[in-house]
Amino acid sequence: MDMPSGQMSSGSMPSALVPAALSSAQVVRATLPNGLRVVIVPDRLAPVVTTEINYLVGSAEAPKGFPGTAHALEHMMFRGSKGLDKDQLASVGARLGGSYNADTTEDVTQYFYTAQSRDLPVLLKIEALRMTGLTLSEADWQKERGAIEQEVSRDLSSPAYLYLEQLQAILFAGTPYEHDALGTRPSFERTKAADLRAFYRKWYAPNNAVLVIAGDVNPVSTLQLVEETFGGIARRPLPARTPVTPVPPPAKTLSFATDYPVGFATLAFPMPGSSEHDFAVADILSDVLSSQRGALYQLVPQGRALFAGFEYAPKQLAGFGLALAAFPKGGDAKRTMDDMRAVLEKIRHEGVPADLVEAAKRREIAQLQFAANSVSGLAELWSNALAFQKLDSPGDMVAAYQAVTPEAVNALATKLLDPAHAVSAVLTPESSGQPVAGKGFGGAESFGATPDKPVPLPEWAEKDLTRLDKPEPTAQPTVSTLPNGLRLIVWPSHVSHTIQLTGQVRQTPALEEPQGQEGVSDVTEALFAYGTTQHDRLAFQKALDDIPAWESAGSGFSLRVLKPDFEKGIALLAENELHPAFPVSDFEIVRAQTAQAQAGELASPGHLFTQAIKVAILPPKDPALREATPQSIMHVTHDDVLHYYAHAWRPDLTTIVVTGDITPEKARAVVEQAFGGWKAEGPKPELNLPAVPLSKASRAHVPDKSSVQDEVVLAETLGLTAANPDHFMLQLGNEVLGGGLFSSRLYRDLRVKTGYVYSVGSDFEWGRTRGTYTVNYGADPDKVGKARAAVLHDVGAMVTAPPTDAELSLAKASLLRAIPLQRASLDHIAAQYLHLASLDLPLDNSDRAAQAYYGATGADIQAAFKQWIRPDDLATIVKGPVPNW
């Protein structure tokens, strides 16, 4: 129960299994006199904090005829408020160096920032100003409306979005969930700023919000800061909420043409919402249905589906479950649908195995232990528990899962998996002209505007954000090499009683696959899921469930496990990685499935677009241009797989990163016990792609008749790699040009000033022997040429003149403050070390970057761009309608 201001309570501990960050005395909770609920969750993983403010309102409360009002208001929250105009907000966001975004659902609207812990006062000040003094001018809305309408157009280009939109309209007909949270262009055209202001005044009140703060903070002083920042905001009476009482629909069948490489047969069923009493039972049922030991997934090894699974999508007061199975392009959709129906109908009548229910319960409870391993993930978990699930803490789910019985799961399956209320759909792939890559829906919002000139920051942000501190070196991991050549990197972290392992065997299939065996690497990778020489597929999955552990094997491999079970988990991982069964019978099925999937992939314009980019910048017959075909895959033999595995999997090409609650000495001992007997045979294979010549300008077009917008990439090869110190200056300059997104020149000139594009960015990609530079944007066909000219102008300007002092200061602040944020999750830490290892760069590369950024001048950046970037050589590749060059 929340306590009044000044009185703090710790969350209850329903079970000894609940980790400290979920419901222990470390978590401080309070309710201010104005009704704002506050939860402060300490996590010492990194000097980072995430704030997530949850307004308990979403699209379900939008005025009738105006779906998307909540989404529109979410956008306007980035258009400025009293004491912080939109330019200042954009500048503050860039200088924080972190990530900030928002999302709107049917029930809750969330705003989240992740930044260095020292910047917490700035984050809270932003949210307090937006809670009480949003500007909401008609002029600002007219500008933002165009952006949000482009977002709608982007999402409507996705077959998956169109499918889910229609599915939701059927399942929740006659309720506020009938329309999804995105909104429609007609509703936005009718919307006025006054409508948004009315919605804001009704619902954006402290007594309708939950503020979650997670990270490296002192709970007591943080609560005092929250009281000082938000305490003066008055509470307001809240309107009555619209009830949501969906009625299960009659069975219905839908069909969609898609541009996916494979087709999908789907069956959707109404299910409980996240705040309903049987949510835990439904969640366990979903886990059982999606288990790789379950009957639905069994369609895959039987060769009757390329993929099969079950997804659960709960909203607060209702939800739906989605069974899906993939079939190859040109395959028998009806057979796939019939197979899936038969499996679910048998489950409905006969129930599910009790041991799968118990395995799912163990996994769900153990999964909670990993929450503290990501600062932003921890904030999200608490937000979901309080705002969506209406729980006292995430730990309450432990008792709920423990109470689930096989009988309850079977009873719910009998009730829910009723074909009389199933919405079936077939998503059929069509040939050519409809690329899917880059069109998808969702993703980051696009907010704010980049100011044309230096912006004076508010007094409360000036002192903290304009200071540029000299970088301090970060602690380094413990690195050792086993006698067999395996490299081990250990980063201890004691924020949870869990251990994570991530590894990679360095490979370059383009150089290692024999001629005529293109695709042998894909077949080999897929076969790791089919058991080991000691355990068949089902027995191996059961062994993982019994621990429980999350494991994957292949050239990239991983393990997540609770601390007491690390030795058991790593023994299973090593068994899978070093002694895969590669059964002959399964090989035949996997090879056919891989060939079928590749046939669709090669015909998909998304793939053609990617290949067109390579062709534009690489020389003919470059190894990176090699492609597997259905024919080459079907020519692969079982012996070819065994030979490829023996050749490509070597300990002296392997790096393992262990993070979590373990000492370096213990990690070394356990890893050596599991992997020390692995021996390399023969000379190392050649893995470095040859250096490539500097590319020249060219143009290519991949048709996409169904899209209203073009996707454009400008690309060129570079004459340096990340081993050259100049790449630091290029990265810093790119923050000015296009990497800084909302604060960049490209965003200002192509989005804000001209409206040519909805989104634009630029990036470098580094390899050991190659480097590339790309600019990407999306534009209507008649604006492609204008946008391209603007890109070339801005890239050319970086070559001919240094960035301004204001631009340089902003770029430095952004990149320097972002460096500690890379250590805000154990997954990110491991990924960073593996990336550096793959490039043969020192593990303290971030410290070297920080020193380079700190001392850089505008002249240094200009010199690097002048030497390495060639605006006149940028190739232009377009996917979509015929562009206006």
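Select D355 in this predicted model: at a relative accessible area of 35%, D355 is partly exposed. Buried would require under 20%. R293 sits in the loop between α10 (279-290) and β11 (307-314), while D355 belongs to helix α12 (residues 354-367), so the contact ties together parts 62 residues apart in sequence.

Next, select R348 and D418. Their side chains form a salt bridge at 3.8 Å, N to O. R348 is in helix α11 (residues 333-350) and D418 in the loop between α15 (406-416) and β13 (423-429), so this pair ties together parts that are 70 residues apart in sequence. Both R348 and D418 are buried.

Salt bridges with shared partners join R293, D355, R363 and D545 into one network.

Move to R817 and D119. The closest N and O atoms of this salt bridge are 2.4 Å apart. The pair links distant parts of the chain, 698 residues apart: R817 in helix α29 (residues 805-821) and D119 in the loop between β7 (109-116) and α4 (120-132). R817 and D119 are both buried. The model has 34 salt bridges by the rule used here.

Finish at strand β1, residues 28-31. Both of its faces are covered, with V28 and A30 buried on one side and R29 and T31 buried on the other. Strand β2 (residues 37-42) runs antiparallel to β1 and is joined to it by 4 bridges. Opposite A30 is V38 of β2. The two strands make a hairpin with 5 residues between them, and G35 in the turn has a positive phi of about 95°.

Notes
Residues are numbered from 1 along each chain as its sequence is written. This is a predicted model: local features need pLDDT of at least 70, side-chain atom pairs count only at pLDDT 80 or more; totals for chains, interfaces and linings use all residues. Side-chain values use heavy atoms; hydrogens and water are left out. Buried means under 20% relative accessible area, exposed over 50%, partly exposed in between (1.4 Å probe, protein chains only). Two strands pair if DSSP finds at least two bridges between them. A salt bridge is a side-chain nitrogen of Lys or Arg within 4 Å of a carboxyl oxygen of Asp or Glu.
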